[in-house]
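I set out to record what I looked up in this model.

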Amino acid sequence: MSEWVDVAPAGAIAPNQCVIADVDGIAVAVFNIDGEFFAIEDQCSHEASELADGEIDGDTITCPTHGAQFSLKSGEALSAPAYEPIATFPVRVEKGIVQVRDDRWD
């Protein structure tokens, strides 16, 4: 089973903002959406662009390169030009610290 990686204190990630964490060599964007935390691989499934700088609307992020939209909760591709989902990761807050792990290979 993969290990939990400390990202940041929960209060350090402002609402509708994100921080990038290195999780086993993967760039993971961790978002605070109205006090709930979500984590996605910081890579668009359409053309490998970084997503963290995209526009957030509710629990949807728009890729800043070509405008594809994804659900931050499920990773589902919501609009073209992306058709494949993006990876999501489990997130928890432990003793005030946001943690994430890559459980894809567990």
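My entries follow, beginning with the basis of the values.

I worked from a predicted model, in which local features need pLDDT of at least 70, side-chain atom pairs count only at pLDDT 80 or more, and totals for chains, interfaces and linings use all residues. Residues are numbered from 1 along each chain as its sequence is written, and side-chain values use heavy atoms, with hydrogens and water left out.

**Cores.** I looked up the largest nonpolar core and found 16 residues, with Phe-31 and Ile-40 among those having the most contacts inside it. Such a core is a set of buried Ala, Val, Leu, Ile, Met, Phe, Trp, Tyr and Cys residues joined through side-chain atoms within 4.5 Å; buried means under 20% relative accessible area, exposed over 50%, and partly exposed in between (1.4 Å probe, protein chains only). I next checked Phe-31: beyond four places in sequence, Phe-31 touches residues including Cys-18, Ile-40, Ile-61 and Leu-72 (contact means heavy atoms within 4.5 Å). Apart from this core I noted another, of 13 residues, among them Ile-13 and Phe-89.

Strands are DSSP E runs of at least two residues, numbered from the N terminus. I found strand 9 (residues 91–94) and strand 10 (residues 97–100) antiparallel and joined by four bridges; pairing requires at least two DSSP bridges. Glu-94 has Ile-97 as its bridge partner.

**Backbone.** Lys-95 has a positive phi of about 55° and is exposed, at 83% relative accessible area. Asp-34 also has a positive phi of about 55°, and its relative accessible area is 70%. I recorded a cis peptide bond from Ala-80 to Pro-81, with omega near 10°.
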